[in-house]
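User: I am new to this structure and would like to learn how to read a strand and its place in a sheet. Could you take me through it step by step?

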2 protein chains.
Amino acid sequence: MSLTRVHNLSISLDGFATGEPQSAEAPFGHAGQRLHEWMFRTRFWDQGGTTGVDDAFAERHSVGIGAEIMGANKFGPPGWQDDPDWKGWWGTEPPFHTPTFVLTHRPRPSIDLEGGTTFHFLDASPADALEAAREAASGQDVRIGGGATVVRDFLAAGLVDQMHVVQVPLVLGRGVRLWDGLEGLEDSYDVEAVSSPSGVVHLTFRRALA
Amino acid sequence: MSLTRVHNLSISLDGFATGEPQSAEAPFGHAGQRLHEWMFRTRFWDQGGTTGVDDAFAERHSVGIGAEIMGANKFGPPGWQDDPDWKGWWGTEPPFHTPTFVLTHRPRPSIDLEGGTTFHFLDASPADALEAAREAASGQDVRIGGGATVVRDFLAAGLVDQMHVVQVPLVLGRGVRLWDGLEGLEDSYDVEAVSSPSGVVHLTFRRALA
């Protein structure tokens, strides 16, 4: 059975998954890299990194994943749609290594890059995008790669089976909130929390069995 | 040295310390008692309750406290100021056992109740209210008893030395948010997080040493 999963989605104490304003120079706005420092310190990111609970969660990001779906705001800075040569932030070998579906109201032809990443561009509902990604994943799971707006849309549509959120002890004050419009989400999920010596808290959501 | 402390302030994943609408029948609105069930299960609340990490945090609520400051919304339901006989939610022996200062734009004469609780009513700024409570605390600490708006005002004014927040795995969606207007709070505090087997996360803030 192919699941739909969210991994390593980092938010502040006040629930922001990115700061503002987002730009080419500051993809996470005033948050900078502060939401992701926990991950940069793990072996998942850096061969000499930590191997404790943060790494255990982080490395699940890629295991068993056959496709990713991301929002337009993850693929590039505001206005990337006007640049026909934009191929994403990640250079010639992006870290996805699977078919990767970018949700945008202005689709363009697919882009094949090294290491197995192919970007496809879709103007589609969450359910339709998931169907396309599921097909491309060849029986493996589909990752919803963010940002927060896209994760929230998939949660609201009841399409997420597993979610891993990392809460970082910052109060960002402004940006894009993960939790808006999701009142009662806990009714559909079993939720676990575990704190890490690094100071972050890992929250895992597993769709409750019917 | 007399400190200013916050204890057992329970919030949802999305940062709400109460639901809405608040009324005499539903002091926490649609949140009901769900934000505080973790506390009801502890020995602090119930002699037969749990004695683990939740209880260890909960029972610090009263230790070394010489006075409390609370907001008008904690003292009674909307409109209590129009009822000259309203003496708070807690009956003839409230659980405060100290001078307790209620912030309201419509002060009334003080009320002496059993068990050492005296309610005083103040129309004052956070700093002035704290000065009055500090004086009444006879060298002990002052607790900021909530609700969220009052705690936020004292945090914004830089008046809180220690804060204990309990994050409950609920998405409330609406109510009164704790974190609004507190961008960068982590710069002034050392923050710790510890998860409990009960599912909640205890966050402690200690004012960073200069």
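User: Is strand β11 of chain A enclosed or open to the outside, and why?

Analyst: A residue is called buried under 20% relative accessible area, exposed over 50% and partly exposed in between, with a 1.4 Å probe and protein chains only. In this predicted model, five of the seven residues of β11 (residues 201-207) of chain A are buried, so the strand is largely enclosed by the rest of the structure. Strands here are DSSP runs of E with at least two residues, and helices are runs of H or I with at least four, both numbered from the N terminus.

User: Which strands pair with β11(A)?

Analyst: Two strands pair if DSSP finds at least two bridges between them. Strand β8 (residues 162-168) of chain A runs antiparallel to β11(A) and is joined to it by six bridges, with A:Gln162 opposite A:Arg206. Strand β10 (residues 189-195) of chain A is also antiparallel to β11(A), over seven bridges, and there A:Val194 has A:His202 as its bridge partner. β10(A) and β11(A) form a hairpin with five residues between them, where A:Gly199 in the turn has a positive phi of about 105°.

User: What is the order of the strands in the open sheet?

Analyst: The nine strands of chain A follow the order β5-β6-β4-β3-β7-β1-β8-β11-β10, with mixed pairing. β5 (111-112) and β10 of chain A stand at the edges with a single partner strand each, so one side of each has no neighbour in the sheet.

User: How should I read the numbering and the limits of the model?

Analyst: Residues are numbered from 1 along each chain as its sequence is written, while chains are lettered from A and ligands numbered from 1 in the order in which they are written. Local features need pLDDT of at least 70 and side-chain atom pairs count only at pLDDT 80 or more, whereas totals for chains, interfaces and linings use all residues, and side-chain values use heavy atoms, leaving out hydrogens and water.
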